[in-house]
Amino acid sequence: MFCFQCEQTAGGKGCVKTGVCGKKPEVAIAQDKLTCALIGLARAAGGKSPGRDTAVLMIKSLFATVTNVNFDEKRINELIEEVEKEKNRLGGAENFNMRDLWNGNVDIVSFRSTLLLGIRGMAAYAYHAHVLGKENEEVMNWFFKGMKTIGEDHTVEEWLDLLMEFGNINLQCMALLDEANTSAYGHPVPTKVTTNVEKGPFIVVSGHDLHDLKQLLEQTEGKGINIYTHGEMLPAHAYPELKKYPHLKGNFGTAWQNQQKEFDGIPGAFLFTTNCLMPPKASYADRVFTTSVVGYPGLRHIPEGENGVKDFTPVIEKAIELGGYPEDMHFTGINGGSVLTTGFARNTVLSVADKVIDAVKSGAIRHFFLVGGCDGAKPGRNYYTEFVKKAPKDTIILTLACGKYRFNDLDLGTIGGLPRIMDMGQCNDAYSAIQVALDLAKAFDCTVNELPLTLVLSWYEQKAVCILLTLLALGIKNIYLGPSLPAFLSSNVLGVLVDKFGIRPITTPEEDLKAILG
Ligand code: FSO
Ligand code: SF4
């Protein structure tokens with residue numbers, strides 16, 4: 001096997017014996033085979049979507065190769081079979097040669113991998129939008145164009161153009177998902193979320209799929225079962241159409257990499273709607289359920305029925321059987337706080353834009369930091385906690401995705417009524433952050449690069465790759481990136497990104513703050 005798609009890849013180079021994430025070699029090989037078959041499918045389709053069902057198969061299959069999503073060889077093989085069948089229906093084409101996927105000229109492999117991994121990330125977002133009934137032809141077409149092009153030769157300039165074109169398409173895809181989420185559940189509003197768990201049966205919902213959460217909330221209504229969010233599901237509490245359910249009680253646990261410790265011995269059921277699933281320990285595997293593209297051998301899977309309707313009865317029965325805690329339990333975030341605030345998506349922030357602009361003009365707000373991205377297990381990720389703690393009192397921290405669990409239980413006070421930490425949502429809500437930055441730039445009559453704003457990003461998996469490419473396509477410069485740089489960037493490709501965009505690896509919070517604030 002060979003896999004270097006995520007930040008925790010073995011030795012910072014590549015997983016070759018088995019995945020650090022728990023992915024077995026046979027699964028990695030099946031995922032490569034699936035990828036090569038998808039290139040074949042894109043070829044057979046002539047580099048554009050031949051229709052809705054084929055496009056959904058494309059995005060579902062790509063999503064199944066994202067880190068911590070599907071560990072089930074059988075399910076990957078089923079997808080390969082479906083893809084082959086569809087490819088032949090379209091007249092057939094050669095698959096990409098598996099040997100060439102990660103081998104060859106290092107710079108070409110680097111460009112190819114960067115585009116492929118970005119496409120995998122975007123597939124997750126397109127899939128979430130699709131389950132809410134939102135699809136965009138241009139985005140769907142680009143999956144086929146992108147996958148076809150991955151199997152072809154290009155010059156360095158062409159690869160760079162493709163990456164920028166992809167970044168712009170991913171912006172459209174994130175816009176689509178934003179529209180899907182807000183039209184289904186309303187615009188997020190600032191919401192305080194407890195980390196405590198009440199007595200009685202409960203279900204913890206993880207991942208990014210709001211539609212699954214909504215269905216579960218409906219099916220548990222009035223049954224005496226409480227629902228808690230986990231990880232990237234936290235921002236769900238802020239959507240009016242989800243927060244209206246009184247049994248959506250709070251948030252359980254911290255970021256994904258702590259699940260094996262935090263789930264151990266818990267008397268509740270767990271539902272994984274998307275990444276990030278870790279191999280479950282025997283002590284709690286009986287209460288973990290997967291749905292959608294998520295899979296793990298031996299875990300119970302909730303399939304999709306007619307029109308996307310799911311029957312969560314097995315999860316509900318498990319929660320009732322386990323019974324929950326006999327009394328209310330007190331839990332905290334990693335800094336000891338027990339209240340998390342979320343819901344500062346674009347609508348909320350832009351509704352107080354005048355206040356923000358005045359505060360910047362008067363000097364009350366000196367700088368904004370977007371400290372966002374994924375969390376992970378490496379000790380170096382403490383940088384982000386320290387960075388936020390050490391950021392001067394006249395600065396605001398915008399955040400999104402699961403990296404915020406490093407600091408979202410801190411109370412850093414307010415500036416002119418605005419909280420100093422504002423959680424904009426999930427990783428896909430990078431779209432919200434982009435809209436806020438673009439609007440502020442308009443108000444100040446400057447470019448985003450001229451705003452008193454610095455992006456300090458943490459990456460882990462492929463959704464972070466597609467977001468980064470979108471930021472670069474928008475011309476955003478001088479992004480700080482950590483905790484380590486992607487193994488799939490060769491030194492030449494990295495050199496190009498550094499020259500063109502001023503991307504810089506994080507150093508220490510003190511040094512970086514000094515460099516940014518002068
Ligand atoms: Fe985290 Fe996992 Fe949202 Fe990622 S849960 S690491 S960027 O999948 O997707 O933030
Ligand atoms: Fe290794 Fe990451 Fe690939 Fe898992 S997803 S096999 S940890 S590089």
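Guide: The conversation below takes the ligands, the domains, the helix packing and the backbone in turn.

Guide: This is a predicted model, in which local features need pLDDT of at least 70, side-chain atom pairs count only at pLDDT 80 or more, and totals for chains, interfaces and linings use all residues. Residues are numbered from 1 along each chain as its sequence is written, while chains are lettered from A and ligands numbered from 1 in the order in which they are written.

Visitor: What makes a residue part of the surroundings of ligand 2, and which are the closest?

Guide: A residue counts as near if its C-beta atom, placed from the backbone, lies within 6 Å of the molecule. By that criterion 13 residues surround ligand 2, the closest being Cys 3, Cys 6, Cys 15, Gly 19 and Cys 21. The shell divides into 7 nonpolar, 5 polar and 1 charged residues; here Ala, Val, Leu, Ile, Met, Phe, Trp, Tyr, Cys and Pro count as nonpolar, Asp, Glu, Lys and Arg as charged, and the others, Gly among them, as polar.

Visitor: Why is ligand 1 said to lie between domain 2 and domain 3?

Guide: Domain 2 (191-322) and domain 3 (343-517) both give residues to the shell around ligand 1, so the ligand lies between them. Ligand 1 has 14 residues around it, of which Cys 276, Cys 374, Ala 401, Cys 402 and Cys 427 come nearest. By class, this shell holds 8 nonpolar, 3 polar and 3 charged residues.

Visitor: Where do the domain bounds come from, and how many residues does each of domain 2 and domain 3 bring to their contact?

Guide: The bounds come from an automatic or database domain assignment, which divides the protein into domain 1 (10-166), domain 2 (191-322) and domain 3 (343-517). The contact between domain 2 and domain 3 takes 11 residues from domain 2 and 13 residues from domain 3, where two residues are in contact if their C-beta atoms, placed from the backbone, lie within 7 Å. The C-alpha centres of these two domains are 29 Å apart.

Visitor: Why are α5 and α6 called roughly antiparallel?

Guide: Helix α5 (residues 137-150) and helix α6 (residues 156-185) pack at about 150°, with axes 10 Å apart. Axes are lines fitted to C-alpha atoms, for helices over the stretch in contact, and angles run from 0 to 180 degrees between N-to-C directions. Angles under 35 degrees count as roughly parallel, over 145 as roughly antiparallel, 65 to 115 as roughly perpendicular and the rest as oblique. The pair is therefore roughly antiparallel. Among the residues that meet are Trp 142 in α5 and Phe 166 in α6.

Visitor: What makes α6 and α14 roughly perpendicular?

Guide: The axes of α6 and helix α14 (residues 430-443) cross at roughly 105° and come within 9 Å; α6 and α14 are therefore roughly perpendicular to each other. In this contact Met 174, Ala 175 and Asp 178 of α6 meet Ala 430, Tyr 431 and Ser 432 of α14.

Visitor: How are the helices and strands themselves identified?

Guide: They are DSSP runs numbered from the N terminus, with H or I over at least four residues for helices and E over at least two for strands.

Visitor: Which residues does a cis peptide bond with omega of about 15° join?

Guide: That bond joins Asn 275 and Cys 276, and Cys 276 lies in the loop between β5 (269-272) and β6 (288-291). Another cis peptide bond, with omega of about 0°, joins Gly 482 and Pro 483.
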